[in-house]
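Trainee: I would like to learn how to read the strands and sheets of a model. Could we start with the overall layout and then go into detail?

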Amino acid sequence: MDVPNPDIDEVGLLRLREPAHRVSRKAIRWWSARIAMVWTILLAGQLVWWLNTSSFGELHMWFFVGSVVLAVAEFLIEPRWRYRVHHWEVTEDAVYTKSGWLSQEWRIAPLSRVQTVDSHRGPFERMMGLATVAVTTASANGAIHIEGLDQEVAEPLVDRLTRAARAAREDAT
Amino acid sequence: MSQVDQSGSDTDTKPADDAIDKRPLSEAQAELAGDQTPWLRLHWRTLVMHFVSEVTKGLPVLIGVALLGGIFSGWTIFGLSVTALVIIAAILRWTATHYRVTPDQFQVRRGVFNRSFISIARDRIRSVDMHANLSHRVFFLKKVAIGTGQSDRKRGGEIHLEALSKRDAEALRLSLLGQAVLDRTAGVELARMGRNWWLRFGPFTLSGLILGLAGVAAIAQALHEADLGRGSLGWLRALAEQISNAPVWLAVLEVVAAALLVMAVLSTVGYVLLFGGYRLSREPGGVLHLFRGLVSTRAITIEEKRLRGVEYSEPLPLRTMGGARLIAITTGLRVGQGSARGGSLLLPPAPREVAKEVAGSILGDNAPMVVPLARHDRKARNRRFTRAFWFSTIVVGLLALLWWLAGLPALWWQVALALYPVTALLAADRWHNLGHTVAGGYLISRYGSLVRRRFMLTTPAVIGWRLRQSVFQRRVRLVTVVATTSGGRQSYRIPDVGRSEALRITLAATPELMRPFLEPVGKSRKPKA
């Protein structure tokens, strides 16, 4: 199309390459646990509702059966699908991630614009030795989260990102 | 040459918490002892203003009470003492508040029981706004708000002084902002309120309507309190009766016409109050000055080095009248609801040609505003119509289901059938409006129908990308490109572009960032680590 930039006209059709690394295999279990928890609450709520109202009885039952089928399907499919999609990479200059399953998203942020780097671990993550690394920029909508990293990978990564961001910042001024 | 900051430095937008230093006075005592700069007080007329406004607020209640229970009833005395307490509190507050401008700080100390000390480093001060509402105007006072420009994410990046005389306020503003003088004739004028704008665009302005409605609510409240409502509501009741006796189509027509008329009048009044006396000028030292408002005046200062671009926005009613407004993309100024209350509105609803010209002179370059945009993939058009179709179908389907199961009148889903042509028209307009390009150092995108926006964001201000694909977008290989930035709405999107085109956009805007992650199609993928 007519974007007047020689840079791209010589490139032709482009593709975004996959970020270099996968997340930890243990993330599959972590996602499964999260899905199981959410669906347990939803199904329990439905069950209580179904058993406590007399009208619409049959409709409720089918609704409940449908939910169970959905829950099982999501439990079996989503974590594995996510594992295939989720990738991350940190280069000299940028953080680059891909995440999602049905809907997917690529995020890219230059290290020179990184403001904070931190890692956090929820209760499930802690049980499985996983961590999430979060990188924020000056944009409130620009944060990048790398979920489901092995604890041993996350710690040095936070150090490296912090140092890189600091160095880039000093260079920039 | 572009007036917009091309260096893209964002080091000045670090988290806000350290911009305003607030602590108990006792802790700051030692620090204060060394500085001999004299402390200044708020203006004494502030006291009179508080007194008068409290008394006027309390008066209707007092009169009511006195009429009911006699002048010396316990309630009158109670009401009087409450009013007295409020006034005493105001006096105490006034005596306790002091401010001063030291060589490197702006300091305020205040508080009667919890005495506190507030300081802002002067180089962190981004705006000095002056407000004057009706009671300020009566006493020739100004309320001053000093902002650090850190209100992007949350409120609280501001200190208010209630209130100073006009001269003191302007002196303060002058000393805090340097040569950025509030002078309604100084600088290079970029735009001012046109003679017939209020008539042409007033009726079609939503922020005007909101203000108008607030005014009506206030009047209704006053009437209610004064107990005048009962008699004057008679005609309303008569009207309601007439409508309920008329045939349906006539009643609907009457109600709609009346509502439109009232809305038009209210928004026009609101428009005039909000934007009357509007003037935008460029001051020496790279500062834009904006002045607007009839009753409550606002003077807004925008540093051009914090400006990252401009958003040209046309709500549908305004667009049909050939109007548009401009919103600044700048760090430190919120894009508020209706954008009139936030300070980021650069140009109130004005003729399209004026808006384009002003955008050009603010950016220092006409090109971003007039450059033709690349159309999107035709698949984006299909998507607009598919979405319109499914939206209508779901609404009609739900209403039909309710009619079938729960006995909702059939009229509901029959009326909802009108959604099909309406949403189809919107879809066509949305498709027609989609466009994007990267040109002259700006990332430009246009989208929307009910509110059509064209944003022009300088490329160094892009501090990251998000490329999103929903399930449906993945099926047709379309991508929504989101550029994140530290100003304005924090991110700006280009909806539904082809995958390869999406990458061309990101590459054209930020070649160094994107090049390492792109590969030409056909090359085999890197083996995974």
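Predicted model: local features only at pLDDT ≥ 70, side-chain atom pairs only at ≥ 80, totals over all residues.

Mentor: Begin with the order of elements along a chain.

Trainee: What share of the residues in chain A is buried?

Mentor: Of the 173 residues in chain A, 46% are buried. The chain exposes about 9,200 Å², with carbon and sulfur atoms supplying 61% of that area. As for contacts with a separation of 6 or more in chain A, 51% are between residues 24 or more positions apart.

Trainee: Now the sheets. What holds the strands of a sheet together?

Mentor: Strands of a sheet pair through backbone hydrogen bonds, and the pairing is either parallel or antiparallel. For a case, take chain B, where 4 strands form an open sheet in the order β9-β10-β11-β12, with antiparallel pairing. Its edge strands are β9 (188–192) and β12 (298–303) of chain B, and each pairs on one side only. From one strand to the next, the twist averages 20 degrees.

Trainee: How many bridges join β9(B) to β10(B)?

Mentor: There are 4 bridges between β9(B) and β10(B), the latter covering residues 279–283 of chain B, and the sense is antiparallel.

Trainee: Which strands form the open sheet of 6 strands in chain B?

Mentor: Its order is β15-β14-β13-β18-β17-β16 in chain B, and the pairing is antiparallel. At the edges stand β15 (345–351) and β16 (435–439) of chain B; each has a single partner strand, so one side of each lacks a neighbour in the sheet. Neighbouring strands here are turned by 15 degrees against each other on average, direction ignored.

Trainee: Which strand does β13(B) run antiparallel to, and what lies across this sheet?

Mentor: Strand β13 (residues 307–315) of chain B is joined by 7 bridges to β18 (residues 451–458) of chain B, and the two run antiparallel. B:Gly309 faces B:Leu457 in β18(B). Helix α12 (residues 352–363) of chain B lies across β13, β14, β15, β17 and β18 of chain B, at about 175 degrees to β13(B).

Trainee: How do I read a hairpin?

Mentor: In chain B, β3(B) and β4(B) form a hairpin with 3 residues between them. The pair, with β3 at residues 98–101, runs antiparallel over 4 bridges, and B:Tyr99 is opposite B:Val108 in β4(B). A hairpin is also formed by β4(B) and β5(B), with 5 residues between them; in that turn B:Gly111 has a positive phi of about 100 degrees. Strands β4(B) and β5(B) pair antiparallel over 6 bridges, and B:Gln105 has B:Ala121 as its bridge partner in β5(B).

Trainee: How many residues of β4(B) are buried?

Mentor: In β4 (residues 105–110) of chain B, 5 of the 6 residues are buried, so the strand is mostly covered.

Trainee: B:Thr102 is in the loop between β3 and β4 of chain B. Is B:Thr102 buried or exposed?

Mentor: The cut-off for buried is under 20% relative accessible area. B:Thr102 has 2%, so this residue counts as buried. Leaving aside neighbours within four places in sequence, B:Thr102 is in contact with B:Asp35, B:Thr37, B:Gln107 and B:Arg122.

Methods:
Residues numbered from 1 in each chain as written. Chains lettered and ligands numbered in written order. Heavy atoms only, no water. Pairing = 2+ DSSP bridges. Axes fitted to C-alpha atoms, helices over the stretch in contact; angles between N-to-C directions. Contact = heavy atoms within 4.5 Å. Buried < 20%, exposed > 50% of the residue type's maximum accessible area, 1.4 Å probe, protein only. Areas by Shrake-Rupley, 256 points an atom, 1.4 Å probe, with all protein chains shown as cover.
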